[in-house]
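Here are a few friendly notes to read alongside the structure. Please take them in order, with the viewer open.

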Amino acid sequence: MATLTAAVPAPPRRLLLRRLLREPFLHFVLLGAALFLAGQHLQRHPERYRIVLGRAQLDEIARNYARQYGAEPSPAQLRSLADHTLQEEIYFREALALNLDRDDQIVRRRLVQKYEFLQQDLIVPREPDALQLQRHYEQNASRYTQPARRSFTHVYFSPDEGGDARAQARALQALAQLQAQGRTRAPELGDRFADLYDYAQIGQADAARVFGQSGQSGLPQALFEAPLHQWSGPYRSGYGWHLLYVTDEQAPRLPPLAEVRERVHADYLDDERQQADAAAYARLLAKYEVKREAQP
Amino acid sequence: MKKVGFLAGAALALTGAAQAAGAAGVPANPLRDAYYGDLHLHTTYSFDAYLLLGTRVTPDQAYKFARGEPVPFLDHQARRKEPLDFLAVTDHSENIGVFNELDNPDSAFSKSELGRKIGTNRGFSVFKDIAAYIIGGKPLAGFDPKPITSSTWQKEIDAANGNYEPGKFTTLIAYEWTAMPQGLYNLHRNVFYRGDTAPAPYTSLDSNKPEDLWTYLESNRKNGDESLAIPHNANASGGLMYDWKDSYGKPIDQAYAERRALNEPLSEIGQNKGVSETHPSLSPNDEFANFEIFDRVLIGTQKSSVYGSYVRDAYGRGLILQNTVGVNPYKFGVVGATDFHSGLSTSSEDAYAGGIGGIDPTTDYPNAEAAKKALTRRPLGTPPDDKLGLETLDFGSGNITGVWAESNTRSSIYDALKRKETFATSGPRLKFRFFGGWDYSAALLNSPDWVKAAYAAGVPMGGDLPARPAAAKVPRFAIWALKDPNSANLDRVQVVKVWLAGGQYQEKVFDVALSGNRKADPKTGKVPAVGNTVDLGNASYANTIGATELRTVWRDPEFDPARPAVYYLRVLEIPTPRWSTILAVRNHLPLPADTPATIQERGWSSPIWYTPAKKS
C-alpha cells in the first residue's frame, strides 16, 4: 500500500542539523525524495493506481501548515491542502511513469543533496572531551587571539595652517612644552581635528580607518609602537601631524578557553566533520573504478 | 565540498536573521556619521558577469570581499585594501542564476534550445544574442527558468542576511531590473529592500516600463515590503531617463511625478560606465564638466542624447515640471556605485585596470600584454560590423556612495537613502556636510557643536529649505569638507545652483571654498587652477598643494525669492593619475593618447531645494 508519509529523520543531534531541519528548502528536498522513493516502490507493485490518504498524512499536512503559518488550518483549508497533495502525488506518479526524473539536472542535484544530508547524518563527530577541546584551542590559538588595543589622546597640527613642514615644526614645539609641563591631555595646543581627541581601546585596523593607512600615514603603526604614559611624535596621519599620549594598552589577548568555549567547540565539530566527510568520500571513491580518458 | 558550502550558507543565514533582530542594540549617533558603500554590484548570477567575464564570485563572497575578508578569485585569494561599510549585490533579475547552469553540460538549460546554441561559447561573441533575452523581454526558448530563478533569489537573500552585522557591516537585499527599450536605451533600475525578506524580483520580461515597476513596488509596500528604486546610467539613456514624457509618450502629469518622486528618491550620478552629473555641451561654462564622460548607448556605437540624460539637467527640468504639473518628479538625491561585474567592489584608481570589474591590485594587476589591450582605443565588440561600442579606455574606476546615518544598520542606512541624506564620490572617501537654512551665522563652523546647531536651524543635504522667515533675505549654507586620509588633498568646494527663470532653467557654479590663498579674478570670476603635482613618469602625486579641510558659510549672492532653485555641493581633489596612467606606467607602456592622464576626483552631494512660498 502506498502512503504519503514523509521520511521524518531521527531527532537532530546537532545544532547545525537542527537549524537545517527548519529550512523549508530541506523539507522540500526530503519530501521530494520520499515521494520519489514511494514512487519507485509503486512502480514495482500493482497498486500503481491506488492512493490512501490516511489520518497520519492529514495530521502531517496540518502540522506543516501550522508550522508555517502559526495557526491550525480550517477544515476547508485542510481539505484543499489534501486535494493539492493528492494532485501532486498523481502528477508525480505520472511523471515517474514517463521517466521525467531521468536526465533532469534539478532532480539529480536534489538527490545528490539528499545523499549528502544522509551522509551528514551518519557522520556525527563525537563530542570532544575536555582534553581534545583544550588541544584544539591551543593548536588554533591565532583564530581566537584578539588584536592589541590602545587608548590615547592626541594633539593635531594641520598642514592647512602654514604648510606641512610648519605643522611638523609646531608639533615639535608643542611636544617640548607638553613634556616640560607634564600635562596628559591638551587638544587646545593644536588645531581643530575633524574626528575625536580621545580614543578608547582601539585596534590598529580601526586606527587605520580613522587616520588613513597608506602613503603618508604611519600613525596607525606608530600608535602601537609609541611609549606609554608619555608624549611622543609627531607622527604623520592622512590629515597632518599628531602628538600622542597613550594612556592604556591591552596587549594581544588570547581569551581563556572558558570565554571562547562555544566557538572552539563549534570549530572543533566543523573541522572533525570536514575531515570525516573527506574520509567518507575517499572510501566511496575507492569502491569505484574511474577511468579518466583525458586530464582536465 | 559542496555540502560544506551549503551548510555554511544555511548557518550564516540563520545567524544573520538572529543579528537583524538585535539591531536595536547598536549605539546611534543623532548627529550621524558618514558610512561608505556600493549600491550596484554583479556576481556570477548575472548573465553578463557569467558570460562576459566568467565571474565565479558568488553574492556571499562579494559581501565577504567588501567586508575585507579574503575570497577565492581566479586561482588565488583577493582581498580589499580597506573594508566598505555597506554593500548591496544587485544581480540582473532576468533569468537570475540560469546561465550558471551552463557549467553542467547535462543540465536542463544546457540541453534547451538556447543552451545548445550557446554551447561552450563565451564572451562578447554570444553576448549580443543573450542580451536580447535579458533586455528585450524575450523568454528563454524551450526552458522554464522559474525553479532556478527562485532558488537563486533565495540564495541572494540568504547571502545578504548572512553577511549583515549590525554596527559593523550592512547589506541590503537588492536586484537590478534591466529595462532597455528598443534594446538600446538604458532605463535600468536597482531595487533595494529595507527588511530581511523580499518578494520575487520584478524583471524586464514582466514589463520594461518604469511605471509598471513602481506599481509592483507600491503593492509590495502595501504588503509590508518597503523598497525603493535607483536608476543608473542616465548618460546612456538617450534622453529617456529624465524625459518630459512618460513611457507611453504622454507628457508627464501630476500622478506620474508623484509616483516617480516616491519610488525613485535617488539616482546614480557616477559609475564604471561614465559619470552622469553633466556634459560639457550642456554646461559650457563649467570648467570641470568634462569628467569621465561616456555619452554613448551601452550596446552599440550610437551616441546618447545629452538632453534628458544628465542629473543637473534633470534638476532644472524638475523645477519646470513642478511649475507646470505641480510636483517635481526629479527631486532626487545622488549615489555612486561601481556596477562592476567581477563580484569585487573597489573604487580606487589602482584597484581597477579597465573592463567591467574591480581587482585586488596586489594579486590581479594585469601584465603588459593585458595592459596593452586595455589601453588600446578599440570597441570591445567583435567582429567589426558588430561593435558593442564599449571602449574600455572611456570606462572609469568604481564610484561609491556616502550616507549620513545614525548607525551602520539596515534601517538607519535605508532611511538615509530614503531621505536623500547621501552623497557620491568618484572613488575616494571624501567626507562632506551641506546644510541649508536662513539664520546660520558666519562664524557657525568655528563652534565645536556646529553640526548640532546646523541640524537644529536648517536641513541637511537631500532636504527642502524651511519656509523663508519674513526677515531673511538670502539662504545660507553651512559647508564642510574633509579629504580622504588615504587620498589626495582638496582643491576646492563648489556650489552648483540651478534655478528657474522665465520658464527656463539656468545653472551656475560658485567656487565657495578654495585651498591655498587663491582668489577669483574680479573680472572673469575665474579661480586659478590649484596646480598639478602628478609625476607622469611614475604615476605619483604629492599632497604639497591643496587643503586637508575646507569650510565656509556661503550666502547665495544672486538669490531671488520668487525663483525656485536647487543647490548641490561639488568637492574637488587636486589632480591625481587616472587608472589608465597607473596601468601604463606599471607596465612600462606609453600613456594612451586621447585619454586624460590625470583626473580630479570629486564628490557630489544630494541637493537642497528652495521652493517659493505659494501666494495666498
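1. Let's start with one residue, keeping in mind that this is a predicted model. Leaving aside residues up to four places away in sequence, Ala529(B) touches Arg492(B) and Arg518(B). You will find Ala529(B) in the loop between β18 (504–514) and β19 (549–555) of chain B. Ala529(B) counts as exposed because its relative accessibility is 67%, and the cut-off for exposed is over 50%. From Pro181(B), Ala529(B) is 348 residues away in sequence and 42 Å away in space, C-alpha to C-alpha.

2. Now for the interior. In soluble globular proteins, nonpolar side chains tend to be buried together. The largest nonpolar core here has 104 residues, and Phe99(B) and Tyr175(B) touch the most other members. Helix α10 (residues 311–325) of chain B gives the largest share of this core, seven residues. Domain 1 (28–416) and domain 2 (430–521 + 529–610) of chain B both contribute residues, so the core lies between them. There is also a second, separate core of 64 residues, whose members include Leu223(A), Ile400(B), Phe435(B) and Ala454(B).

3. Over all chains, a search of the whole structure finds 38 aromatic pairs. One of them, Tyr242(B) with Phe332(B), is stacked, at 5.2 Å centre to centre with 20° between the planes. Tyr242(B) sits in the loop between β8 and α9 of chain B, and Phe332(B) in the loop between α10 and β11 (333–336) of chain B, so the pair ties together parts 90 residues apart in sequence. Tyr242(B) is buried, at 1% relative accessible area, and Phe332(B) is buried at 2%.

4. Trp438(B) and Phe559(B) make an edge-to-face pair, 5.8 Å centre to centre with 70° between the planes. The two are 121 residues apart, and their pair links distant parts of the chain. Trp438(B) counts as buried at 6% relative accessibility, and Phe559(B) is buried at 12%.

5. The charged end of Lys497(B) sits over the ring of Trp499(B), 4.9 Å from its centre. Likewise, the charged end of Arg602(B) sits over the ring of Phe291(B), 3.8 Å from its centre.

Conventions. Residues numbered from 1 in each chain as written. Chains lettered and ligands numbered in written order. Predicted model: local features only at pLDDT ≥ 70, side-chain atom pairs only at ≥ 80, totals over all residues. Heavy atoms only, no water. Helix = DSSP H or I, 4+ residues; strand = E, 2+ residues; numbered from the N terminus. Buried < 20%, exposed > 50% of the residue type's maximum accessible area, 1.4 Å probe, protein only. Contact = heavy atoms within 4.5 Å. Core = buried A, V, L, I, M, F, W, Y, C linked by side-chain atoms within 4.5 Å. Domains from an automatic or database assignment. Phe/Tyr/Trp six-rings, centres within 6.5 Å; stacked < 30°, edge-to-face > 60°. Lys NZ or Arg CZ within 6 Å of the ring centre and 35° of its normal.
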